[in-house]
Amino acid sequence: MPRPPPADFHGLTTLLRKIIGLFFGLVLLVGISGAVVGYVLVREYGQDLPDYTQLANYDPALVTRVLAGDGRLLAEYAVEKRVFVPIEAIPKRVSNAFLSAEDKTFYEHSGIDIPGIVSAIFTNVANLARDRRPVGASTITQQVAKNFLLTNELSIARKVKEIVLAYRIEKAYSKPRILELYLNEIYLGEGSYGVAAAALNYFNKSLDELTVAEAALLAAMPKAPANYSPIRKPEAALARRAWVIGRMVADGHIGEAEAELALAEPITLGRRGETESVRADYFAEEVRRELIARFGEDGLYKSGLIARASIDPVLQAIADKALRDGLVAYDRRHGWRGALGRIDVEGDWEAALIALPPPPGLAPWRQAVVLELASDGAGIGFSDASKGIVPLAEMAWARQWVEGQHLGKEVKKPSDVLQPGDVIAVEAVETNADGKSYPPGTFALRQVPDLGGAVVAIDPHTGRVLAMSGGWSYEGSEFNRATQAQRQPGSSFKPFVYLTAFDNGFTPSTLVLDAPIVIDQGPGQPLWKPENYTQQFYGPSTLRLGIEKSRNLMTVRLAQAVGMAKIVETAKRFGIVDDMLPTLAMALGSAETTVLKLTAAYAMLVNGGKRIAPSFIDRIQDRRGRTVYRQDERACEGCNVDEWQDMPVPLIPDMREQIADPLSAYQVVHLLEGAVERGTGTAVKAVGKPLAGKTGTTNDFNDAWFVGFSPDLAVGVYLGFDSPRTLGDKEAGGSVAAPIFRDVMMAALEGKPATPFRTPPGIRLIRVNSATGLRASAGDPQAILEAFKPGNDPNNRGPVIGGGDGTLFDVAPVAGAGGTGTGAAPVTGGSGDLY
């Protein structure tokens, strides 16, 4: 028989039973207590929770993109740079990487990962003695609840709310929808919200182009974007990426071989290159202003609009270069204004140079310091400790600037310009003016121009603004001289005086007296005595000569004969000036306007007198791709067809309002061709193709203009100081602005056929003598083709406008209110063009 167990065994068994009972009792007690505490917490913090049903209408703040005419990116505007991508379009390797890194049991739990919470509790208890930050066990659903509905506050209350909301979200939405919300909302550093924006910002790729290693790197960052930034902390990012790749292997998302390749792949960041974006800050700002005007601040920065701008990047680059070259050419003609600053070159000049920030707009030039002078040049140093030389020939232009845009003495040695310690701007050069090569490390002295300027290019048939440069550098000045600078246009306004005359029966052969005239401006006002640029008088002259040679006296008499009231109406109809005073001085361009307005007005001359409005945006789409604005509102019946089989080309209606007689408009265009061929705009002839335009220069040479066009492109150029002052003696529109217009047109029309201006039906081109305006005889060396309306043949010499009683000196009184004549406002700041 077996022996009974010893007494102490029974005692031990009883003790074990009591201990186990006590343990389970404690567990039960803890469980009940936990349940009670949980119930209390849920009742306490589960009330008045945010409405999770709003996630059904998730409408995140998305980036608004402005695209150039060729599809490249012009600008982005956003509070949060986010690109929304539906879950169906997110590659599995991307979503799987985030699941492995953030919530491997996402498809198994109901919003809360209980084992994860228990593990986090034990970890946090162990970390108490180490004074470490508590770790969490938040699921992706909990992160959605926190990111969308709660704050980042570290508290029990927020955690309870997060758990309750996560449970409710799981009951209301599918797993793919929750994952979609998460992947589009998560912040991944560097201003990137959502995985699509992060892929673009870090790798310059779309999601479907990402490798496993790149997807893993993105998935490594939600925990702490700053700590795992591949830009600022690449080693930490690499280690975290390796951990994510390991988790993807463990979860079965990738195999060992794929993981090895991913681990071996270096972190290669990508940025948008020049071929993918367009730099045109003044243009982009104009688009931004228009978008705000249409959709408000929130609409621009949060709605995810796609705006297709009218900008032609090639033409924009041409305009930018031509303007900068023109500003530099003018600036070099007027001398050296001094160094950017001074530093001590006896000590640590590299550090001192680094500490001196370069002035705005210096790029692409470099900032350097003069280290030493020699008889044939200056030795210079850069902030990277490299050195170079500036030969005397490359600083010979830098004669001292003298007030009034005058020049000091000729530069004969480097010390006439520079001293050791001078901080200067330089540009690398390879050859001298004669084409001979310089040794490496040779630089030319440069100076950021203080002159302002603008160039605008418009499609005359649609009003689409194709290019706009508002100054030397947007970084240096956000003031857009193309749209914001109100300036007197001078003689560039005269074509609209002549247009009004042609609308009222005058012809290009009409004779106007070119002789002194004195305008009585009324009681208490001085007499106004306009003058020609040459200060000479030419007697009776044709209107063609008046516009080609920019005769002020003829224009005043013509305006007096036509009536300033009619000219004021023309200016308003063409959008040049809305409230022009009906005074004779305005005929010479005294009323202020902008480059954009005047260029658009010229565009309406060459398009046959049809109204256009300058536009910077072709089309706007909302975040769902629906078109909410289109610049071209014409209907095209028959354009949207499934197949094209022997069908007539659809006719698109011309909805443009006719605001001028097309025959009169062509007569002005024809005169302006002559201004380029024989008049004040001959600098433009070098283009070698049909062009027309007019110079403009205001009193004291304060403003210089050239506005003109080819048959299919209108361009306006303006130069002047932001605080008006003289450009210098003889710095007129023909010498300052016309060369910039020439350079724009030469590049823009390169390789294109020489298209003649379109002659409207009804115009008759008749050979006349250019001096008399009468029909030319056979073999007349001064014969030109002149444009006439039907019934206006140049057979007989008509009366001379302004001839009066035959004297060559008129005194014109101020016209009464409502009269057809006009007086002139007191002339103070400027009375119009000088050349």
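A cavity is a set of points, on a 1 Å grid over the protein atoms alone, where a 1.4 Å probe fits but cannot get out. Four cavities of 30 Å³ or more are present in this structure. The model is predicted: local features need pLDDT of at least 70, side-chain atom pairs count only at pLDDT 80 or more, and totals for chains, interfaces and linings use all residues. Residues are numbered from 1 along each chain as its sequence is written, and side-chain values use heavy atoms, with hydrogens and water left out.

**Overall make-up**

- The protein chain holds 21 helices and 26 strands. Both are DSSP runs numbered from the N terminus: helices are H or I with at least four residues, strands are E with at least two.
- Of the 835 residues in the protein chain, 50% are buried. Buried means under 20% relative accessible area, exposed means over 50%, and partly exposed lies in between (1.4 Å probe, protein chains only).
- Among contacts with a separation of 6 or more, 70% join residues 24 or more positions apart. Contact means heavy atoms within 4.5 Å.

**Largest cavity**

- A volume is the space filled by probe spheres set on the grid points, which are joined across faces, edges and corners.
- Its lining consists of Val63, Arg65, Glu76, Lys81, Arg82, Val83, Ala197, Leu200 and Asn201. Lining residues have an atom within 4 Å of a point.
- β3 (81-82) and α7 (195-203) each supply at least two residues of this lining. The largest share, three residues, comes from α7.
- By class, the lining of the largest cavity has four nonpolar, one polar and four charged residues. Ala, Val, Leu, Ile, Met, Phe, Trp, Tyr, Cys and Pro count as nonpolar, Asp, Glu, Lys and Arg as charged, and the others, Gly among them, as polar.

**Second largest pocket**

- The second largest pocket has a volume of about 1100 Å³. A pocket is an open set of points with protein on both sides within 12 Å along at least five of seven lines.
- It is lined by 32 residues, and the closest to its centre are Arg279, Asp320, Arg324, Pro364 and Trp472.
- α11 (281-302), α12 (313-333) and β15 (465-469) each give at least two residues to the lining of this pocket. α12 gives the most, with ten residues.
- The lining of the second largest pocket divides into 13 nonpolar, seven polar and twelve charged residues.

**Helix packing: α2 and α6**

- The axes of α2 (residues 92-102) and α6 (residues 175-185) come within 12 Å and cross at roughly 90 degrees. Axes are lines fitted to C-alpha atoms, for helices over the stretch in contact, and angles run from 0 to 180 degrees between N-to-C directions.
- α2 and α6 are therefore roughly perpendicular to each other, a class that spans 65 to 115 degrees.
- On the α2 side, Ser95, Phe98, Leu99 and Glu102 meet Leu179, Tyr182 and Leu183 of α6. The residues of this contact divide into five nonpolar, one polar and one charged.

**Helices α8 and α9**

- Helix α8 (residues 212-219) is mostly covered, with eight of its eight residues buried. Among them are Val212, Glu214, Leu217 and Leu218.
- What covers the buried residues of α8 includes α2, α7, α9 and α10 (256-264).
- Ala242 lies in α9 (residues 234-250). Ala242 is partly exposed, with a relative accessible area of 32%.
- Ala242 and Ala259 are 17 residues apart in sequence and 9.0 Å apart in space, C-alpha to C-alpha.

How values were computed
Parallel < 35°, antiparallel > 145°, perpendicular 65-115°, else oblique.
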